[in-house]
Amino acid sequence: TKCLDEGFAHTTYLMLFIFLGTIINVIFAATRITTEKESQSWLLLLATPLSDGEILFGKAVSVFRRCLPIWGLLAGHMVLFVVVGYIHVIAILHVLLLVAWLTCFITGSGLYFGVRFARTTSAVVASFALVLGLWILGPILAGLLMTANSHSDLPRMYAWTHPVVQVQVIMNGAGGRENARKPLKSLEFGEAEVLPRSQSEWLSARSTTATLVLVSGMYALAGLLFFQRARRRLRRHAFT
């Protein structure tokens with residue numbers, strides 16, 4: 001139990017919660033619509049007085065409710081160890097931003113693929129392909145780019161869009177008993193330990209929060225764009 005006062009332990013727990021929450025979110029977002037198409041109840045729903053936006057919003061709420069238990073465990077972990085003094089309170093805001101953009105982006109894209117495809121398998125495969133492409137294939141390509149051009153800032157910028165990197169940055173600065181006792185202005189987030197070409201850079205709480213807000217806004221916007229595309233195609237692909 002002594003390891004719980006170290007930041008790396010909470011990094012591991014957060015990665016586990018984020019991984020499970022992402023998987024659950026992908027599956028339920030991609031299957032909310034296609035399961036109704038396959039059960040022949042989708043056309044009945046479209047015949048109701050509900051608008052396209054209301055139908056999709058209801059599906060989005062349903063996805064969030066399905067994911068709520070795992071996010072609840074994550075929230076409980078954060079609050080518990082902030083109270084006992086093992087995590088700095090600023091980490092709650094940072095993790096909230098991370099979960100918010102993950103939920104918005106994955107739910108929006110999953111609903112779009114659910115509208116776009118007639119079969120559950122196709123929608124799930126497309127949703128996982130998007131996630132794997134962004135957060136597994138993308139870092140590999142960024143690493144190859146860094147090898148070819150060591151002076152490029154693109155890999156470092158791309159790394160900030162990865163949820164695992166965000167968890168590491170957050171916990172490097174706010175995790176552990178020592179960091180939890182520091183005043184907010186004294187926190188140093190360990191960008192140098194997880195991001196390429198940043199050996200001399202340590203971010204303050206303010207700059208880390210600003211960067212997380214920016215990335216969260218970009219992903220949230222992408223999720224909303226997927227949602228809008230799904231709304232426009234909702235009745236166009238009612239039979240396919």
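User: Is Arg229 buried, partly exposed or exposed?

Analyst: Arg229 belongs to helix H11, residues 205–233. Buried means under 20% relative accessible area, exposed means over 50%, and partly exposed lies in between (1.4 Å probe, protein chains only). Arg229 has 38% relative accessibility, so the term for it is partly exposed.

User: What pLDDT do local features need in this model?

Analyst: Residues are numbered from 1 along each chain as its sequence is written, and side-chain values use heavy atoms, with hydrogens and water left out. The model is predicted: totals for chains, interfaces and linings use all residues, side-chain atom pairs count only at pLDDT 80 or more, and local features need pLDDT of at least 70.

User: How many helices and strands does the chain have?

Analyst: Helices (H or I, at least four residues) and strands (E, at least two) are DSSP runs, numbered from the N terminus. Along the sequence the pattern reads α-α-α-α-α-α-α-α-α-α-α. The totals are eleven helices and zero strands.

User: What percentage of the residues of the chain is buried?

Analyst: The C-alpha atoms fill a box of roughly 60 × 45 × 25 Å along the principal axes. The chain has 240 residues, and the share of them that counts as buried is 46%.

User: For contacts with a separation of 6 or more, what share comes from residues 24 or more positions apart?

Analyst: A contact means heavy atoms within 4.5 Å. Among contacts in the chain with a separation of 6 or more, residues 24 or more positions apart account for 75%.

User: Is Asn25 buried or exposed, and what is its relative accessibility?

Analyst: Asn25 is in helix H1, residues 7–31. Leaving aside residues up to four places away in sequence, Asn25 touches Val63, Cys67, Leu102, Thr103, Ile106 and Thr107. Asn25 counts as buried because its relative accessibility is 1%.

User: Phe19 is in helix H1 too, so how far apart are the C-alpha atoms of Phe19 and Val213?

Analyst: Phe19 is in helix H1 and counts as exposed, at 52% relative accessibility. Phe19 and Val213 are 194 residues apart along the chain, and the separation of their C-alpha atoms is 21 Å.

User: How many salt bridges are counted?

Analyst: Side chains of opposite charge can pair when their charged atoms come close. A salt bridge is a side-chain nitrogen of Lys or Arg within 4 Å of a carboxyl oxygen of Asp or Glu. By this rule the count is one.

User: Which side chain pairs with Lys59 in a salt bridge?

Analyst: The N to O distance of the pair is 2.2 Å, between Lys59 and Glu36. Lys59 is in helix H4 and Glu36 in helix H2, so the pair ties together parts 23 residues apart in sequence. Both of these residues, Lys59 and Glu36, are buried. The partner of Lys59 in the salt bridge is Glu36.

User: What is the relative accessible area of Lys59, and which residues does Lys59 touch?

Analyst: Lys59 is buried, with a relative accessible area of 11%. Not counting residues up to four places away in sequence, Lys59 touches Arg32, Ile33, Glu36, Trp42, Leu45 and Leu111.

User: Which helix gives the largest share of the nonpolar patch?

Analyst: Patches are made of residues with over 30% relative accessible area and no salt bridge; like charges are joined within 9 Å, and nonpolar side chains (Val, Leu, Ile, Met, Phe, Trp, Tyr) within 5 Å. Val79, Leu80, Val83, Val84, Val89 and Ile92 form the nonpolar patch, with about 520 Å² of accessible area together (Shrake-Rupley method with a 1.4 Å probe; for residues, only the protein chains shown count as cover). Leu80 counts as partly exposed because its relative accessibility is 48%. The largest share, three residues, comes from helix H4.

User: Which residues gather in a patch of positive charge on the surface?

Analyst: Lys and Arg count as positive and Asp and Glu as negative, while His and the chain ends are not counted. The chain has 21 positive and 12 negative side chains. The residues of the positive patch are Arg229, Arg231, Arg232 and Arg236.

User: What is the phi of Gln40?

Analyst: Gln40 is in the loop between helix H2 (34–38) and helix H3 (42–46). Gln40 counts as exposed because its relative accessibility is 60%. Although Gln40 is not a glycine, its phi is positive, at about 65 degrees.

Terms used:
The place of a charge is taken as NZ of Lys, CZ of Arg, CG of Asp or CD of Glu.
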